[in-house]
Amino acid sequence: MKITAEQVDYVALLGRLSLEPEEKKKYLAQLDDILKYMEKLTEVSTDDVEPMTGTVELYTPLREDVVKPSLPIEEALANAPAKTGTAFRVPKVID
Amino acid sequence: MTDLCEMTAFELSRLLHDKKTSSVEITRSVLDRIEAVESNVHSYVTIRPEAALQMAQEADKRLASGNGHILTGIPIAIKDNMCLRGERTTCASKILADFVPPYDATVVRLVKDKGMVILGKANMDEFAMGSSTETSCWGPTRNPWNLEMIPGGSSGGSAAAIAAGEAIVAFGSDTGGSIRLPACFCGVTGIKPTYGAVSRYGLVAYASSLDQIGPIAHDVPDLALLLNLICGHDPMDSTSVPLEHPDFTSFLDKPIKGMKLGLPREFFSQLQDPDVSRVLSDARKVFESLGTEFVDLSLPHLDYGIAAYYIIAPSEASSNLARYDGVKYGHRAEKFDGMIDMYCRTRAEGFGNEVKRRIVLGTYALSSGYYDAYYLKAAKVRTLITRDFKDAFESCDAILCPTAPTAAFKIGEKVDDPIQMYLTDVFTIPVNMAGLPGIAVPGGFSEQGLPIGFQLIAPHFEEGRLIQLSAAFQKVTDHHLKRPSL
């Protein structure tokens with residue numbers, strides 16, 4: 001599967017990354033090489049093989065619904081690029 | 001007389017116990033060494049001398065009052081992807097250049113609980129994506145054995161600091177080999193525990209099903225001490241396993257006669273480098289002299305490990321790194337036009353090339369229309385690789401193999417050739433894919449004097465076997481005693 005420039009554009013948008021034209025060209029070439037290498041995987045038969053998403057027995061550890069101390073607001077805001085009062089300030093989300 | 005900064009935690013602990021030195025003295029020795037060599041080696045992103053000496057003073061008080069632990073007063077370097085409260089944690093990325101965590105990672109809390117001395121945050125590949133520590137936004141770390149060579153990655157700073165005497169012990173993290181590879185290239189000892197053995201709370205996530213924190217030190221006994229500290233269930237990490245771990249130091253003197261070491265055909269047939277072949281062959285002879293037996297075995301899906309990993313890891317990374325959006329912390333672009341543009345510019349400005357490449361690759365592999373062919377396929381191959389190891393361990397106690405296909409290479413040599421860089425991880429990646437524990441042990445040197453090591457792999461939660469085998473090896477060899485001249 002050869003990756004196209006349009007696909008790189010689409011994927012960059014999904015990944016919220018703006019790429020310069022030279023970057024796009026470079027990534028296109030490198031990704032093409034990488035994906036070509038990935039074709040190796042088609043050599044392996046995986047019919048009837050379950051996919052593995054992790055290596056431990058996953059379970060959902062539950063706890064009692066008891067309020068425990070949380071991060072104080074000033075600490076939560078300490079790294080904020082922009083803040084107003086007790087909130088993070090961001091560009092308008094809904095028009 | 002050896003400098004304090006070149007001794008092991010065990011040795012220093014004994015000196016502290018016998019009141020022949022103090023934590024302040026040890027810490028000063030390490031800080032002096034840092035001052036002398038750091039401009040050449042660049043192991044650190046952040047060094048905190050005053051805070052470290054403060055911790056050393058407190059450690060000395062604690063030791064004097066008789067409440068000391070064996071690790072109290074020992075200086076440690078912590079890879080810059082583990083949160084240290086109040087000190088910047090950057091993951092070697094511009095996007096977190098000024099990020100100061102409001103909390104400690106669990107492993108950091110454990111270190112503080114025992115009164116260890118935190119020297120600073122070690123350099124790394126950006127967001128742990130790399131095998132050479134060249135993608136750090138702060139510049140590369142150099143191999144203390146030859147400053148033109150890479151130290152390995154992504155925990156290159158941690159490993160180099162140990163080799164250079166800039167730390168006594170260190171924490172690294174390993175997703176595809178990032179503890180074992182730099183340990184190997186820097187001639188030090190490092191272990192990646194079983195997935196789930198050590199809490200990932202406070203470890204900035206790269207690939208959540210593969211990441212694991214582990215110690216790097218001069219020798220196996222120090223690793224055992226640190227494993228005792230950090231292995232254990234943590235309610236803050238739901239992937240940490242509720243398991244009672246053994247006292248790893250109890251494995252240090254166990255004989256290894258009769259243990260079976262598996263030699264995977266595919267690993268050895270891939271070996272082309274004569275230095276690495278020689279070191280593996282020498283290691284084999286040493287184990288033989290200690291009474292181990294060898295079993296020839298096959299891991300037929302080894303060849304597909306890299307392809308599967310470089311789909312799975314970037315896919316998970318594309319998800320994990322979605323949080324860096326300039327909203328709550330980290331870099332935010334100054335000029336943008338609306339919300340989506342803010343995200344796009346923030347991330348474009350904040351991330352380096354390798355990170356962007358992997359985000360694009362991962363997003364592509366997970367996108368509609370490609371998910372089955374790439375991510376799902378890779379996840380199935382992961383099952384096959386895990387099965388290979390399970391079968392292999394039916395006939396052996398541990399697997400002996402190389403850590404890296406070559407010794408360290410030159411800085412800049414592979415930076416523009418991603419696939420060549422990825423191939424460095426051929427022997428380490430399958431271990432993460434299966435979630436197994438793996439240890440990198442110094443085994444010798446190349447013709448050019450660069451360290452080469454070997455790797456041992458054990459079944460899940462059998463770190464004890466790795467300690468046992470490696471400790472026995474280090475009792476009759478001296479590679480781990482060598483120090484670079486800086």
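How many of the 13 residues of α16(B) are buried? That count is 12, so helix α16(B) is mostly covered (buried means 20 or more other C-beta atoms within 10 Å of a residue's own, with C-beta atoms placed from the backbone).

This is a predicted model, where local features need pLDDT of at least 70, side-chain atom pairs count only at pLDDT 80 or more, and totals for chains, interfaces and linings use all residues. Residues are numbered from 1 along each chain as its sequence is written, and chains are lettered from A in the order in which they are written.

**View 1. Helix α16(B) and its cover.** Helices here are DSSP runs (H or I, at least four residues), and strands are runs of E, at least two, both numbered from the N terminus. Among the buried residues of α16(B) are B:Arg465, B:Leu466 and B:Phe473. Their cover includes β5 (189-192), α7, α9 (274-289) and β10 (438-445) of chain B.

**View 2. α7(B) packed on α16(B).** The axes, lines fitted to C-alpha atoms over the stretch in contact, sit 9 Å apart at about 155 degrees. That makes α7(B) and α16(B) roughly antiparallel (angles over 145 degrees). B:Val220, B:Leu223 and B:Leu227 are among the α7(B) residues that meet α16(B), whose side includes B:Ile467 and B:Ala471; contact means C-beta atoms within 7 Å.

**View 3. Chain B against chain A.** Chain B brings 53 residues to this contact and chain A brings 40. On the chain B side, α13(B) gives the largest share, 11 residues.

Methods. Two residues are in contact if their C-beta atoms, placed from the backbone, lie within 7 Å. Axes are lines fitted to C-alpha atoms, for helices over the stretch in contact, and angles run from 0 to 180 degrees between N-to-C directions. Angles under 35 degrees count as roughly parallel, over 145 as roughly antiparallel, 65 to 115 as roughly perpendicular and the rest as oblique.
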